[in-house]
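Dear colleague,

I am pleased to hand over the structure that we discussed. Please look at it first, and then read the notes that follow.

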Amino acid sequence: MRNSQMTPGIVGGRLTPETYGENFQDLHAPLDHHEAAVAADRCYFCHDAPCITACPTEIDIPLFIRQIATGTPEAAARTIFDQNILGGMCARVCPTEQLCEQACVREAAEGKPVLIGQLQRYATDTMLDQPHPYTRAPDTGKRVAVVGAGPAGLSCAHRLAMLGHGVTIYEARQKPGGLNEFGIASYKSTNDFAQAEVEWLLQIGGITIEYGRTLGGELTLGELSSDFDAVFLGFGLGGVRALQIDGGDKDGVRDAVDFIADLRQADDLSALPVGRNVVVIGGGMTAVDAAVQSKLLGAENVTMVYRRGKEAMSASQYEQDLAASKGVRILYNAAPAAIIGNGAVREIEFAYTDSSGKPMGETFRLPADQVLRAIGQVMNTRPDTLEMDGARLTVSHTMRTSQPGVWAGGDCVAAGDDLTVTAVAQGRDAAMDMHNTLTGKGA
Amino acid sequence: MADLSSNFVGIKSPNPFWLASAPPTDKEYNVVRAFKAGWGGVVWKTLGEQGPPVVNVNGPRYGAIWGADRRLLGLNNIELITDRPLEVNLREIKQVKRDWPDRAMVVSIMVPCEEAAWKAILPHVEETGADGIELNFGCPHGMSERGMGSAVGQVPEYVEMVARWCKQNTRMPVIVKLTPNITDVRSSARAAVRGGADAVSLINTINSITSVDLDTMAPEPSIDGKGTHGGYCGPAVKPIALHMVADIARDPECNAIPISGIGGVTTWRDAAEFLALGAGNVQVCTAAMTYGFKIVEEMKSGLSQWMDEKGYTSVDQVSRRAVPNVTDWQYLNLNAVSKAVIDQDLCIKCGRCFAACEDTSHQAIAMSPDRTFTVIDEECVACNLCVNVCPVENCITMERMDTGATDPRTGKVVEDEYANWTTHPNNPGAVAAE
């Protein structure tokens, strides 16, 4: 007998097979030609446009939109990729409502920005099934090690390869892409887009990836530094912050990032087990992605609980609205106090908190057969020769670490903001500085 | 409610909105639909002489240009005069006029430039009960190659001659439709006056190629890989038409001949502008072809509301109202000094005014790091470019400087009295101010 949304415990097959397909289709259907033309028409081609400033990779947005409007989406894609080689993924996952589209003057004018993200996807999609648009400069003979095949590492590697350097990427997992592949909601990257994008990116040549190679495992920074002319660290945040409460080790309690990774790698979504009553702890993008996808997998009740107020939540208003529209209930100002259950979790107790997130005494309980922790990731690779800024690596504005010959970017550096697009910008900028250093052009 | 009824050279219609001679007025079916929709009158699509009708191409007849959101701004056509038998048209004209006696029924005519040809057709048209005729001296394509249409309209002597023939051979009012494809429209208008025409109508369409297919290298609209110039109309031609209407309206030799204004009339506002610059009524085509006949409702309600607001009680009170304000450049007041002013509350910080002024004009707009745009009065010549490129209406305005204030650009005190180029010291031919 098939399970339903009301089946107790953590089980799969809560929905009809068709429903899974519907639930996990593209969040935004791609713009067709007409929609793109209409959307592109709205761009004012601003002078020194605020959207460019708001983009961490500083894509020339008015130019690429004008190129779409004039019937040359290939040129538009080139404008995007020149600044952001992962422009396809960024078009899907960027919180545009907090970046370019928030800055759009039409947001000021009428509260309806130009659909920059969707136009970027329209442009970049045209290029993905075409030959890779960039060619390598003559081989410089220099060799660079890149640790991590996530957005920062891939961006760095592509730029280095383009400039003629040889790149070896060391990736801990068995697949490239980093959080693009393992860490974001499935409906933001359908049809195995993350892998397709990496394959397309690697067509530049000059990049090899070695999988299952972890810094801190058999690889050391010392060896990499001596074996290569330069090293880029883009290993992200591999660890998850622990939940320091009673019962945190009960069955049914797990990290949201693992839940999302399993979902992203699943061949058959109906086989994925999910609770009837799911509680997600946290207020970031990962929490939203886990909560929404739990709901889409057929959980009857999904509640996201955040320790502070709505205004402090790092998930954007858009993401919160998305969660609400999918039926996720969001509770603010409540901190987990204890997980209750005999072996497996049965319910979870929260304490109401004040505006600073401190418990005020009164508590309440939610039924829960699954608890997903999304209270932040931490660095689990910590080369002890490098200076840290808090829990992350210190870097200069050109992404240099405290150790000569070692650059870093992405979520593992203090200058980051946990966005794919920022990681791409940092990888690119590091590559340019490495290039200048390796060829004796820079400081 | 303002009275919109119109009496144009004795032709009465319930409102001043006529459909121009064009595809929308080619047959009874369309014209009846137009009258049901509320149009005041029509100029029936041009009739040719008796005999086998002309033929049209069997491929695209229209080309276009578009603005944002594919809004049609300009249309061109290579369609000829009616390709239906003369007797069919005459029968339908008669029927429609009988069924709709309060609407204006004017018949457009184009026959060879021989008196006999005009003499032959006029009685047939008169017999329909039509209210007037319009001489098609404007059609710039196809028919002009055969010595008709604009081939006549471009030679003032022919315009005068044919107008005279018609006046001598019919009791109906004669409206001469003018082509804009000339250097000075007043020459043909004066010729129409000399020939005794009751009115002129303008503009007919403008010679044009709308685009080129860059794959086939064929001009648009193209037929089997070739294209030819067509007649251009629609909102894009309105400024050209307004100028020509005004030029005739203020020309002493044209003697205030009644004008039926044509050329890109799309809204009530366009119509009011044509009236103000000298038209007695307006003719519409492209707007109807773009949006259908229903637009006349907006035209009527808009014109009526505006007239009420301004206290005008008849269309005649609007007609020619702006003509005295059309002058030559040399008479413009050089002592009227303005400066651009940017409303910071309305500004959306797109920076287009800055780009336009900085790159292409007078470097008179400053941009701060937080994207506040302000006018530098010391540099501003009040050229109005910033106003024109700003996407927000009324965000940038031109404000006249007060008399007695000092223009920071020139250091000169703004004077109260009017002064123009004719008396300016820089003018080698300046006359002494009186």
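The automatic or database domain assignment divides chain A into domain 1 (17–25 + 240–376), domain 2 (33–128) and domain 3 (143–238 + 379–438). Please bear in mind that this is a predicted model. Taken over C-alpha atoms, the centres of domain 1 of chain A and domain 2 of chain A are separated by 33 Å.

As to its secondary structure, chain A holds 17 helices and 17 strands. The radius of gyration of chain A is 22 Å, close to the 22 Å given by the globule rule for 443 residues, so chain A is as compact as a globular protein of that length. Its C-alpha trace spans about 65 × 55 × 45 Å along the principal axes. Of the 443 residues in chain A, 49% are buried. If one takes the contacts in chain A between residues at least 6 apart in sequence, 70% of them join residues at least 24 apart.

The nonpolar cores come next. The largest nonpolar core has 153 residues, and those that touch the most other members are I68(A), L119(A), F232(A), V280(A), A291(A) and A408(A). Helix 17 of chain A (residues 420–438) gives the most to this core, namely 8 residues. Another core, of 100 residues, lies apart from it and includes I121(B), V162(B), A191(B) and M299(B).

When its neighbours within four places in sequence are left aside, L119(A) is in contact with L31(A), A36(A), A39(A), A40(A), I65(A) and I68(A).

How many residues does each chain bring to the contact between chain A and chain B? Chain B provides 12 residues and chain A provides 10 residues. On the side of chain B that touches chain A, 7 residues are nonpolar, 1 is polar and 4 are charged.

Finally, I would draw your attention to one residue of chain B. T183(B) is found in the loop that runs between strand 9 (174–177) and helix 6 (185–194) of chain B. Is T183(B) buried or exposed? A residue counts as exposed if 12 or fewer other C-beta atoms lie within 10 Å of its own; T183(B) has 7 other C-beta atoms within 10 Å, and is therefore exposed. Between T183(B) and C395(B) there are 212 residues in sequence and 38 Å in space, C-alpha to C-alpha.

With kind regards

Technical notes:
Residues are numbered from 1 along each chain as its sequence is written. Chains are lettered from A and ligands numbered from 1 in the order in which they are written. This is a predicted model: local features need pLDDT of at least 70, side-chain atom pairs count only at pLDDT 80 or more; totals for chains, interfaces and linings use all residues. Domain bounds come from an automatic or database domain assignment. Two residues are in contact if their C-beta atoms, placed from the backbone, lie within 7 Å. Ala, Val, Leu, Ile, Met, Phe, Trp, Tyr, Cys and Pro count as nonpolar, Asp, Glu, Lys and Arg as charged, and the others, Gly among them, as polar. A nonpolar core is a set of buried Ala, Val, Leu, Ile, Met, Phe, Trp, Tyr and Cys residues joined through C-beta atoms within 7 Å. A residue is buried if 20 or more other C-beta atoms lie within 10 Å of its own, exposed if 12 or fewer, and partly exposed in between; C-beta atoms are placed from the backbone. Helices (H or I, at least four residues) and strands (E, at least two) are DSSP runs, numbered from the N terminus. The radius of gyration is taken over C-alpha atoms; the globule rule is 2.2 Å times the number of residues to the power 0.38.
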